[in-house]
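Please look at the structure before reading the points below.

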Amino acid sequence: MKTVPVITAPEAAALVKSGQTLLVGGFGMTGNPVHLVHALAETDVQDLTYVANNVSEPGLSGGRLLRNRQLKKAVGSYFTSNPEAVKANQEGWLDVQLLPQGTLAEAIRAGGAGLGGFFTPTAAGTLIADGADTRTLNGQEMVFVPAIRGDVAFVRAWRADTAGNLQYRLTEQNFNRAMATAADLVIAEVEEIVEVGQIPPEQVHTPGLYVDYLVQAHLSPEFLGSSANVKGGAKKVDEARMQMARRALRELKPGDVVNLGIGVPTLVADLITPGHGVTLHTENGMLGVGPAPEDGGAMDYPVNAGKIPVTALPGASYFDSADSFAMIRGRHVDVAIMGGLQVDAHGNLANWAVPGKPLLGVGGAMDLASGARKLIITMSHTDPDGSPKIVPECTLPLTTRGAVDMVITDKAVFEFVAGQLTLTELMPGATLEEVRAGTGAAFVEALPAAAAAPA
């Protein structure tokens, strides 16, 4: 069996050349090969194309390369998590290519598998798909996405053996597994290097044939950014938001696999008890998400899609981001609960492009909105200026078309019944007159008699 050379981080950085495409694993700072990237930031390498879910956090990992202006292009799904990346794009010196998160993961996996690309329903009919080859396959509109490969991949694993076999910890598989297959030169930063045989074969996540070099580097909380402690992700809670969360919870049935978006949907997780029989899914690679711990961070716990440390329930499992989104696109997720900016009378959703802000962050929203069997949207009934968020036609860039099943606002519950937007419930304290005045789209009223009767 081969022996993979063990080198230092500066020696690894010296293998990267200006103008190359660099794949960097991690979801936020979890599973991020931060030591390798920081070593690269000490070199004079320039004009890199940086492929990762995002450009890390300000001053950390890819964020350090960005500050040094060593990047010319970034390919990812959520650049708004680093305001410095947004500013660099606005100033014109950083080119960005925005892809839905599941599309990004699958494009990297396709590159590692020697495929030219693939067709996906994600993003069909949206701005993201403009100019793409679009076809109808099996009755569904799909968009062609070219595969992604890199010259060099930096990945982070928890353990390696001397043959280069890698074992990941908790939710640290994320993009690392696919990226380890999709570059001409793969360098793995690891916490521990052991002898061959000390990682059981069934616990090898990346076989050593993919790995060219190992770098041993110890992780510490200062490299975990906002995931270093659960208290860094404290949620804003008020009664109106909790009412929406409690109402959404009523839609979940025992046995459901459920994905919760950020914002109000994350509050649902705190309401779920073992008695509900619900399994929570997070797109960065976990089934069986439990409540947030009282204290601690990503050194001790997995993280969810909001990069918040969580616990794992009995029977939980971990996997990589490509597998996670395959579950979503394959319609194995029963319910997705997401926030929204607009929903229209046709069941279209807009929730990724904030008015007046750059279109630089989509994350997993498009995959989830089109892939879950049931889509529930939670949002305030109107914008702060009183403008309706339930509208005749979405005026904001679409996330998905015709996929919304239910809308829960702070004023009302709407369902799409036989394709028609239908008011089925008033929220506590709301009146029918308020709902009529604050709803831009025409709707059918199907309230229980007592609720519909005038006060």
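Two strands count as paired if DSSP finds at least two bridges between them. Helices (H or I, at least four residues) and strands (E, at least two) are DSSP runs, numbered from the N terminus. The model is predicted: local features need pLDDT of at least 70, side-chain atom pairs count only at pLDDT 80 or more, and totals for chains, interfaces and linings use all residues. Residues are numbered from 1 along each chain as its sequence is written, and side-chain values use heavy atoms, leaving out hydrogens and water.

**Sheet**
- An open sheet is formed by 3 strands in the order β5-β7-β6, with antiparallel pairing.
- β5 (117-120) and β6 (134-137) are at the edges with a single partner strand each, so one side of each has no neighbour in the sheet.
- The twist from one strand to the next averages 35 degrees.
- β5 pairs with β7 (residues 140-146) over 4 bridges in the antiparallel sense, and Val145 in β7 is the bridge partner of Phe118.

**Helix α5 against the sheet and α9**
- α5 lies across β5 and β7 and runs at about 150 degrees to β5 (angles run from 0 to 180 degrees between N-to-C directions; axes are lines fitted to C-alpha atoms, for helices over the stretch in contact).
- α5 (residues 101-112) packs with α9 (residues 321-329) at an angle of about 120 degrees, the axes being 9 Å apart.
- That makes α5 oblique to α9 (angles under 35 degrees are roughly parallel, over 145 roughly antiparallel, 65 to 115 roughly perpendicular, and the rest oblique).
- Residues in the contact (heavy atoms within 4.5 Å) include Glu106 and Arg109 of α5 and Asp323 and Arg329 of α9.
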